[in-house]
Amino acid sequence: MKSVYILSDNIITSLGFTTAENTAAIENGVVGIREVDDPALYPSAVQLSLVNSLLLEEKFAAVLATLHKKNPASSFTRLEKMFILSIHEALNTRQVSPGDPRTLFIISTTKGNVNLLENQYRATFSHKRVYLWELGRTIQQFFGFANKPLIVSNACISGVMALMTAARFLHSGAYDHAVVTGGDIASEFVISGFQSFQALSPAPCKPFDLNRTGLSLGEGCGTMILSVVPGNSDGPSIRVTGAATTNDANHISGPSRTGQELATAMKLAMNQAGLGTGDIDYICAHGTATSFNDEMESKSIDLCGLTQVPVNSFKGYWGHTLGAAGIIESVAAVSSLRKNMLYRSAGFETLGVPSPLNVIGTNLSTPLQACIKTASGFGGCNAAITIQKK
Amino acid sequence: MELLITSYSHLHDNKVVVNDRLVFYQENILKFADFIKSVYKQEQITYPKFYKMDFMSKTGFLAAELLLKETTVAGYCPESVGVILSNSSSSLDTDIAHNETIKNRSGYFPSPSVFVYTLPNIVIGEICIRNNFKGENAFFISETFNGKLLVDYVEELFINKRVEACLCGWIEVLGNNCNALMALVENSELRQQQADGNYKPIPFNAENLNLIMSRN
Amino acid sequence: MDELINKLKKEVIEQLNLEEISPDDIDPDSSLFGEGLGLDSIDALELIVLLEKNYGIKIEDPKDGKKIFHSIRTMAEYITEHKK
C-alpha cells in the first residue's frame with residue numbers, strides 16, 4: 001500500500017479565503033457566525049456564517065484575469081466561484097497538474113447549486129446546472145482536469161468521505177494524485193429545512209456545552225491536494241493513514257443512542273493506521289452542537305478509550321458547512337499538526353455530554369503527531385480518518 | 001478472491017426483474033407512485049415506514065427487499081455488510097418537493113419529513129435500518145451509470161476486508177422516470193447459501209453490470 | 001370535541017402518511033408515540049407543522065410537544081384551548 005501525503009490545501013469561510021487567514025482568525029478567537037436578517041435567505045433573522053460576497057467577487061475576478069479566462073464572472077454560480085477560488089489557491093504550489101490523467105478529481109457537496117431551483121435564477125442558468133455532475137463539469141472544464149470529477153454526496157460526512165475515497169484510490173495505485181474539494185452555500189432551501197427540524201440555535205452554536213441550543217449553519221469551501229509523492233513543502237510530511245465509514249442502522253435523522261457505530265469507524269481507521277489509543281494526540285470532532293449528536297459523539301469517544309485526548313469542534317467558529325465541513329475541518333486539523341497547536345473549541349464553557357471529554361478550553365502549544373477526524377450525518381452515516389506526521 | 005453478483009434486481013419502465021426473471025410487469029401504469037406501490041403490495045411486505053419514504057427511498061428499499069429475498073445475508077456480521085449506491089439526479093425529485101413548500105411567503109410550511117429525504121444517501125440509511133447493515137456506506141453522483149466506479153470502489157472494500165458482502169447499484173428516480181439496479185456482491189469463498197437455484201452468479205465487473213442495465 | 005377528534009385523526013393520517021391506518025383504528029386516548037402508532041421524532045416535528053398550518057398554533061418549545069401530542073384527545077384539547 002502506498003502512503004498518501006497532503007501537499008497543500010485551502011479553506012474559504014466567513015473567516016477568510018486562505019488556510020492561513022482562517023487559522024489566524026481561529027487563533028485569535030474570532031467567531032464568524034452572526035445574526036443575518038436577509039429575506040433572500042430566510043423570512044426571519046437567523047444565525048449564519050457567510051462568506052464575504054464582495055471579497056468573493058473581487059477575488060474571483062482576479063482569478064479570471066490571472067488565468068486569461070473569457071467567461072464572464074456572471075456565468076458562474078456563487079458555489080462554483082467558491083470551488084474555483086479554493087482549488088486555484090490549493091493548486092498554487094504547482095506540485096500537481098489537473099491535466100495529468102493520474103490526477104483524480106473529487107467533489108464533495110450535499111446540495112450543490114440547489115438554490116437554482118428558486119425562480120430568480122431561472123433566466124441566468126440552464127436547468128441542467130442543478131445537477132451535481134453539471135456543476136462538476138463546469139469546474140472540470142475551468143481547470144482542464146483530465147478526469148471527470150468523482151462526486152460524493154453523502155450528507156454531513158461527504159467531506160470526510162471524499163478524502164477517504166481519494167486516499168483509497170491513491171493507496172491502491174489507481175491514481176497518483178488527487179484534488180479533493182468540498183463546498184456548500186447557505187441557501188433558503190437548507191435553512192428552512194433545518195429550521196423545520198428545530199435544529200438551529202438562536203445564538204452561535206456551542207458544541208459539547210451544557211447550554212448548547214442547536215447548530216449554526218455556515219457556508220464554505222475547502223480543498224486538499226493529496227499525492228503518493230511526499231511533495232516539497234517545508235516542515236514535516238503529513239499523511240492520511242486510515243479511514244472507515246459505518247452506518248447506525250437506527251434512524252434516518254437521529255443519531256445512534258449508543259455511539260457504537262461511530263466508535264467502530266474510529267477503531268477501524270486507527271487499526272488501519274496502526275495507531276493505538278495512546279497514539280492519538282487530538283480528536284477533531286464533528287460537534288454540531290445539537291443535543292443528540294454531541295451526546296452520541298461523546299459516547300463513541302468513550303467507547304474508543306479516548307476521553308483523555310484533547311477534542312474540539314471547529315463549528316463554533318464557522319458553523320456547519322455541510323459538504324465542506326469534513327474537508328475544511330480536516331485542513332484545520334492538518335494546520336494543528338503542522339503548528340503543534342491545539343485550538344480552543346469555540347462556544348464551549350461547561351461540559352454537557354454524558355462522557356467526560358477533554359474539550360479544549362484554551363489554545364495550547366504542544367507536540368502533536370497523530371489525530372483522528374470524525375463526522376456523522378443524516379441517514380445514520382459515520383466516518384473517521386486518521387491524519388499523521390512523517 | 002473472486003467477487004460475484006450473487007443476486008440482483010432491476011426496476012424500470014413498470015417492470016421488475018430479479019435474477020433474470022420478470023417478477024412484475026403492468027403495461028398501463030402511468031404514475032410512478034402507482035407502480036412502486038403495486039410492487040410493494042405484490043411482495044406482501046409489512047413495513048408501515050415504507051409509506052413515509054420518498055420515491056427514491058421506496059425504490060431502493062424495494063430493490064433491496066426483492067434481491068435479499070432470493071438469498072441470505074444473515075450469516076454476515078452487520079459491520080461487514082456495505083451499501084454503495086449512485087445516481088444522476090441526487091435527491092432532485094424530493095428537492096423540488098421541498099422547494100415547493102418555501103416558494104411563497106404565505107403558506108410557508110417546510111416539512112421535516114420531506115426535507116430529511118433531500119439527501120441521496122437517506123436510501124442507504126433506510127436499507128441499513130431494515131436489514132441491520134452497519135458496514136461501509138457511500139453515495140456517488142455521475143451523469144450516467146458508472147459501473148466501473150462501483151466495481152473499483154467495492155473491490156477495494158473487499159480487498160481491505162472492510163466488507164464480506166456489499167449491496168451496490170444505481171437508484172435513479174425523477175418524476176415518473178425510474179431506473180434502479182441493485183446487486184448483491186459476495187466473495188465466492190465466503191458466500192452464503194443461495195436460495196434461487198436457477199440463477200447462476202456472474203462475475204462482478206463493469207461489463208456485467210452494464211449488461212444487466214441494458215438487457216431487460 | 002368528537003368532531004374535532006375525528007377531523008384530527010384524518011389530518012394526522014394524511015400528514016404522517018399512515019397509509020394503512022384508518023381513522024377508526026386510532027383510539028383517541030391511546031398514545032401516539034412508542035407503543036401506540038409507533039411515531040418517531042420526525043413525526044413529532046411534523047405534528048408541530050400540522051398545528052401551525054391547520055390551526056395557526058405555534059409551539060415554540062419542542063419539549064412541550066411531548067404532552068400535547070400524547071394522544072389525539074390531548075391534541076384536540078390543546079387546540080380547543082389555544083385556537084385563535
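1. Basis. The model is predicted: local features need pLDDT of at least 70, side-chain atom pairs count only at pLDDT 80 or more, and totals for chains, interfaces and linings use all residues. Residues are numbered from 1 along each chain as its sequence is written, while chains are lettered from A and ligands numbered from 1 in the order in which they are written.

2. Chain A overall. Chain A holds 10 helices and 16 strands; helices (H or I, at least four residues) and strands (E, at least two) are DSSP runs, numbered from the N terminus. Its C-alpha trace spans about 55 × 50 × 40 Å along the principal axes.

3. Burial and contacts in chain A. Of the 390 residues, 62% count as buried, that is, with 20 or more other C-beta atoms, placed from the backbone, within 10 Å of their own. Among contacts with a separation of 6 or more, 80% join residues 24 or more positions apart; a contact means that the C-beta atoms, placed from the backbone, lie within 7 Å.

4. The contact between the chains. Chain A gives 39 residues to the contact and chain B gives 44 residues. On the side of chain A, α6(A) provides the largest share, 6 residues. By class this side has 20 nonpolar, 16 polar and 3 charged residues. Here Ala, Val, Leu, Ile, Met, Phe, Trp, Tyr, Cys and Pro count as nonpolar, Asp, Glu, Lys and Arg as charged, and the others, Gly among them, as polar.

5. Strands across the contact. β5(A) pairs with β5 of chain B (residues 137-141) in the antiparallel sense over 2 bridges; pairing requires at least two bridges found by DSSP. Ile151(A) has Ile141(B) as its bridge partner.

6. A helix of chain B. Helix α3(B), residues 92-101, has buried residues including Leu92(B), Asp93(B) and His98(B). Their cover includes α6 of chain A as well as α2, α4 and β6 of chain B.

7. Val51(A). Which loop holds Val51(A)? Val51(A) lies in the loop between β3 (46-49) and α2 (53-66) of chain A. Val51(A) is buried because 26 other C-beta atoms lie within 10 Å. Beyond four places in sequence, Val51(A) touches residues including Ile12(A), Met82(A) and Glu219(A).

Methods: Contact = placed C-beta atoms within 7 Å. Buried ≥ 20, exposed ≤ 12 C-beta atoms within 10 Å, placed from the backbone.
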